[in-house]
Amino acid sequence: MARYTIRVDGSSHTVDADPEMPLLYVLRDDLQLSNPHFGCGLSQCGACTVHLDGKAIRSCSTPISQAAGHDITTLKGLGTEANPHPLQKAYLEEQVPQCGYCINGWIMTAAAFLNTKKKPTDAEIKQALTGLKCRCGTHTAILRAVKRAADSMA
Ligand code: FES
Ligand code: FES
């Protein structure tokens, strides 16, 4: 066990955890943040994605010891109800979610991508989202929403 300080959505938290404890478990179990989801636990579906210093990472396979001292952003910290991130707005406008389980991963991955790429092509968006899984098959609506958000951010 060791003591770690992590900054999540702008607030500092101190947690006692095994160095190998996945960041996802700390976020969900210690900090009660429900947006990053456990899907595969093997870095293969993206449901657990958060930002670490602005980059999309899979929190199920990132140990707390690697996250400590960095800025972590979850979907909750991406925007507010009054001032949503363009992706959150676009997802609502396109009525994307079905069960909603995967949506955290798609939005957090797309948000990190759109921070680095203005006016992406459809092919670039698809490439950036490779490896994410949606069991409800909302892929077409997801791509529409990301494109809509990208256009609004251009
Ligand atoms: S739960 Fe982390 S990638 Fe699937
Ligand atoms: S909306 Fe259900 S898994 Fe994607």
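Author: Buried in helix H5 are Ile103, Asn104, Gly105, Trp106, Ile107, Met108, Thr109, Ala110, Ala111, Ala112, Phe113 and Leu114. This is a predicted model: local features need pLDDT of at least 70, side-chain atom pairs count only at pLDDT 80 or more, and totals for chains, interfaces and linings use all residues. Residues are numbered from 1 along each chain as written, chains are lettered from A and ligands numbered from 1 in written order, and side-chain values use heavy atoms, without hydrogens and water.

Reader: Why is H5 called largely enclosed by the rest of the structure?

Author: Buried means under 20% relative accessible area (exposed is over 50%, partly exposed in between; 1.4 Å probe, protein chains only). Twelve of the 14 residues of H5 are buried, so the rest of the structure largely encloses H5.

Reader: How do you know that the reach of H5 is close to the expected one?

Author: The expected span is 1.5 Å times one less than the number of residues. H5 has 14 residues and reaches 20 Å from first C-alpha to last, close to the 20 Å expected.

Reader: What makes the contact of H5 with H7?

Author: Contact means heavy atoms within 4.5 Å. H5 gives Trp106, Ala110 and Leu114; H7 gives His139, Ile142, Val146, Ala149, Ala150 and Met153.

Reader: What do the residues of that contact divide into?

Author: Ala, Val, Leu, Ile, Met, Phe, Trp, Tyr, Cys and Pro count as nonpolar, Asp, Glu, Lys and Arg as charged, and the others, Gly among them, as polar. The contact has eight nonpolar, one polar and no charged.

Conventions. Helices (H or I, at least four residues) and strands (E, at least two) are DSSP runs, numbered from the N terminus.
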